[in-house]
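Here is a friendly walk through the spaces, the packing and the annotated parts of one protein chain. Please have the sequence and the model open as you read.

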Amino acid sequence: MELDLSPKLPKQVYGGNGGSYLAWDPSELPMLKAGNIAAGKLALEKNGFALPRYSDSAKVAYVLQGCGTAGIVLPEKEEKVIAIKKGDAMALPFGTVTWWYNKEDTDLVVLFLGETSKSHKCGEFTDFFLTGLNSVFSGFSTEFLCRASDLKEADVKTLVGSQKGTGIVKLDPSFQMPEPTKEHREGRYRLPTLDIPIYPFMRCLMLDAMCEFRSGMALNCLEAPLDVNIPSGGRVVVLNTKNLPLVGEVGLGADLVRLDGSAMCSPGFSCDSALQVTYVVRGSGRAQVVGIDGKRVLEVTVKAGNLFIVPRFFVVSKIADPEGLEWFSIISTPNPIFTNLAGKTSVWKALSPQVLQAAFNISPEAEKLFRSKRNSDAVFFPPPN
């Protein structure tokens with residue numbers, strides 16, 4: 001059975017006054033189910049409030065548009081209220097409770113990508129809401145809720161029955177939501193000082209390391225230091241356990257790639273058995289994917305809003321249209337490793353000349369010509385002159 005790797009758009013799952021939630025359907029994009037991957041998108045209008053919920057999946061969230069406020073409660077931790085804006089990425093481990101709010105005129109749009117190996121439905125996120133008509137509280141009897149909350153029956157009915165919305169509601173413009181704090185976003189935590197001998201010249205460094213630990217809740221991929229920067233080629237910011245430690249708990253890595261107009265992304269594959277799930281943020285371009293037995297399994301023009309998945313060990317390459325191409329991807333490992341098949345970092349440059357001659361069945365002159373090319377370019381190749 002051939003895999004359908006063609007890019008797809010999401011469909012609305014629920015929504016109304018305040019915004020909507022959309023998701024990609026595994027029946028239309030079979031690689032979601034095959035790869036235990038899910039994808040969704042939250043769009044909040046002005047004063048839209050996404051009610052508190054937790055999910056059956058670990059996720060990476062990426063802000064595609066706008067700015068707003070996110071509330072994040074990690075298991076057995078206090079609430080963190082952070083300001084979010086376009087380009088922000090957040091790692092959301094299992095059991096994390098979140099809420100989202102937009103008070104601006106521009107819609108706040110957040111992409112969610114995650115793995116579903118432990119989910120109720122393979123290839124789909126299932127959210128459990130804490131309030132609203134479909135909340136977990138609405139399923140318990142009044143007796144149980146009274147005992148749990150230490151409230152009288154009338155008070156419980158008011159608490160549980162007042163919110164008539166499901167998933168997303170629109171708040172009154174005068175309602176004051178919690179204000180985000182810089183400390184919550186940067187994630188500074190005090191740790192106890194260890195009772196160990198310290199040499200005087202090491203004291204400052206050791207005390208800094210022992211007393212304060214930085215574990216940011218978000219990383220802005222548009223402002224973060226670049227991991228790859230090729231003039232007229234492209235730029236990459238990679239999310240990993242170093243710059244966003246929570247991705248280690250999520251078990252996923254991610255990156256934002258911005259390919260300049262008519263530039264090419266080198267053919268390559270994930271060499272640590274990882275899936276690549278790609279959402280096209282901006283622009284358009286051509287993509288080719290080659291799989292088992294050298295068969296080209298995908299040749300397509302990708303556009304903003306498309307989602308497509310590259311199976312494990314399959315080779316993918318992209319060429320941007322003149323306006324450029326930008327995409328955000330998750331990789332099903334927190335610290336991904338890629339092998340390039342073109343450019344100065346490619347495996348071809350590592351192999352000996354004799355091996356290339358024998359493998360390609362070519363002359364020494366042809367091997368030298370092949371090896372002499374792309375010695376200064378890596379990952380991204382600017383358009384030809």
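Grid points are joined across faces, edges and corners, and a volume is the space filled by probe spheres set on the points.

This is a predicted model, in which local features need pLDDT of at least 70 and side-chain atom pairs count only at pLDDT 80 or more, while totals for chains, interfaces and linings use all residues. Residues are numbered from 1 along each chain as its sequence is written, and side-chain values use heavy atoms, with hydrogens and water left out.

**Pockets and cavity**

The table lists the volumes.

| Space | Volume |
|---|---|
| Largest pocket | about 530 Å³ |
| Second largest pocket | about 310 Å³ |
| Largest cavity | about 150 Å³ |

In the largest pocket, 25 residues form the lining, and Val236, Asp255, Phe338, Asn340 and Val379 are the closest to the centre. At least two lining residues come from each of β17 (234–239), β18 (253–259), β19 (264–270), β20 (276–290), β23 (315–331) and β24 (338–340). Helices (H or I, at least four residues) and strands (E, at least two) are DSSP runs, numbered from the N terminus. With 5 residues, β23 gives the most to this lining. By class, the lining has 15 nonpolar, 7 polar and 3 charged residues; here Ala, Val, Leu, Ile, Met, Phe, Trp, Tyr, Cys and Pro count as nonpolar, Asp, Glu, Lys and Arg as charged, and the others, Gly among them, as polar.

The structure holds 1 cavity of 30 Å³ or more. Of its 15 lining residues, Arg53, Ser55, Lys59, Thr98 and Asp127 are the closest to the centre. Two or more residues come from each of β4 (48–55) and β9 (97–102), with the largest share, 3 residues, from β4.

**A helix pair**

Helix α2 (residues 142–149) packs against helix α3 (residues 153–161) at about 100°, with axes 9 Å apart. Axes are lines fitted to C-alpha atoms, for helices over the stretch in contact, and angles run from 0 to 180 degrees between N-to-C directions. Thr142, Leu145, Cys146 and Ser149 in α2 meet Glu153, Val156, Lys157 and Val160 in α3, where contact means heavy atoms within 4.5 Å.

**A residue in β23**

Valine 315 sits in strand β23. Leaving out residues up to four places away in sequence, valine 315 touches Pro267, Gly268, Phe269, Gln288, Val289, Val290 and Leu341.

**Annotated regions**

An unreviewed UniProt entry places "domain: Cupin type-1" at residues 3–157 and 228–368. Residues 3–157 are 11% helix and 46% strand, with end C-alpha atoms 50 Å apart. For residues 228–368 the values are 15% helix and 50% strand, with the end C-alpha atoms 28 Å apart. UniProt positions follow the numbering used here, feature names are shortened, and annotations may be inferred rather than shown by experiment.

Methods:
On a 1 Å grid over the protein atoms alone, a cavity is a set of points where a 1.4 Å probe fits but cannot get out, and a pocket is an open set with protein on both sides within 12 Å along at least five of seven lines; lining residues have an atom within 4 Å of a point.
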